[in-house]
Amino acid sequence: MQLGTYATLELETRGAALIVTINRPEALNALAAAVVEDLTSLTRKLAGLGRDGDWPVRGVVITGAGEKSFVAGADIVEMNSMNAQAATDYGRAMHRVTQGLEALPIPVIAAVNGFALGGGCELALACDWIYASANARFGQPEVNLGLVPGFGGAVRLPRRVSPGIARELILTGRQVKADEALRIGLVNRVLEDKEALLDAAVATIEEIATKAPTAVANAKAAMEAMVGLSTAEALEVESDSFRAAFLTEDSVEGREAFVSKRAAVFPGR
């Protein structure tokens, strides 16, 4: 699969994982329009994974260049020259990125090293889960600039942590360190440093790579489709997902391997 090259992103395949590094360390990896364009292009290419059983990678890890920052936020210097319509378009472009990540048929892990503020926190929230280094800091500080979250933070943060905590963080602009982020459920794990962070994220994707690719894709899509539904509606989505999974070649192989007491070899279809 040809993913191309990008001015603001570095790509590395490590085992079954694709590591995507946002590479603007001089600006603490802020989400300039060029970064948003590159993330849009990459996400669109990854959306085709799994067609005809083609699974060249089984998960994505998103991180930031250097030790100081995952993504420090939107590019405020760039934003300061925008009018209201341009700023709105900028936010909507980032919405397409975050929705694209959620729609991918493979898991996306945010490996947060250092600052994940504003747009950086919102990018991490669009990933399936977050691993953080011990020096990570999270926050939605937009109120300090007379703004509100514009890349999905007000939508996704209350789904990741409790609504009350989300309101507190958004309305105060307060930053939380890694240990508090773990306690409130914002992150799944805290690792010592960036090297350990990436190792843990890659190891998790390697574990997922032993599972049926279509089952992982179906489960992720179903959970995303259930957001905001009533219990009855969500159960209908689950039933449809179960039926679709049951009909795959992966399911046939998985069930036959179980009965035969052998390791499954999933075809990815």
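**Surface patch, cavities and salt bridges**

Leu145 is located in the loop that runs between strand S8 (137-139) and helix H5 (153-160). The model described here is a predicted one. Together with Ile76 and Leu147, Leu145 forms a nonpolar patch on the surface, and the accessible area of these residues together is about 250 Å². Another loop, between helix H8 (194-208) and helix H9 (213-225), contains Ala209. Ala209 has a relative accessibility of 27% and therefore counts as partly exposed, since buried residues are those under 20% and exposed residues those over 50%. Ala209 and Ala221 are separated by 12 residues in sequence, and their C-alpha atoms lie 17 Å apart in space.

Within the structure, two cavities of 30 Å³ or more were found. The largest cavity has a volume of about 40 Å³. Its lining consists of Val20, Leu39, Leu42, Thr43, Leu46, Val60, Ile62 and Leu101. Helix H1 (33-46) and strand S3 (59-64) each contribute at least two residues to this lining, and H1 gives the most, with four residues. By class, seven residues of the lining of the largest cavity are nonpolar, one is polar and none is charged.

The second largest cavity holds about 30 Å³ of space. It is lined by Cys121, Phe138, Gly139, Gln140, Leu157, Leu169, Val176 and Leu186. This lining comprises six nonpolar and two polar residues, with no charged residues.

Charged side chains were examined next. Side chains of opposite charge can pair when their charged atoms come close. The structure contains 11 salt bridges. In one of the salt bridges, the side chains of Arg156 and Glu102 meet at 2.6 Å, N to O. Arg156 belongs to helix H5 and Glu102 to helix H3 (residues 84-103), so this pair ties together parts that are 54 residues apart in sequence. Both Arg156 and Glu102 are buried.

A salt bridge also joins the side chains of Glu253 and Arg262, at 2.7 Å from N to O. Glu253 has a relative accessible area of 12% and is therefore buried, whereas Arg262, at 39% relative accessibility, counts as partly exposed.

The side chains of Arg174 and Glu168 form a further salt bridge, with an N to O distance of 3.4 Å. Arg174 counts as partly exposed because its relative accessibility is 30%, and Glu168 is likewise partly exposed, with a relative accessible area of 37%. Arg174 and Glu168 are also linked with Glu180 and Arg183 in a network of salt bridges.

Technical notes: Residues numbered from 1 in each chain as written. Predicted model: local features only at pLDDT ≥ 70, side-chain atom pairs only at ≥ 80, totals over all residues. Heavy atoms only, no water. 1 Å grid on protein atoms, 1.4 Å probe; cavity = no way out; pocket = protein on both sides within 12 Å on 5 of 7 lines; lining within 4 Å. Points joined across faces, edges and corners; volume = space filled by probe spheres on them. Nonpolar A, V, L, I, M, F, W, Y, C, P; charged D, E, K, R; others polar. Patch = residues over 30% accessible without salt bridge, like charges linked within 9 Å, V, L, I, M, F, W, Y side chains within 5 Å. Areas by Shrake-Rupley, 256 points an atom, 1.4 Å probe, with all protein chains shown as cover. Salt bridge = Lys/Arg side-chain N within 4 Å of Asp/Glu carboxyl O. Buried < 20%, exposed > 50% of the residue type's maximum accessible area, 1.4 Å probe, protein only.
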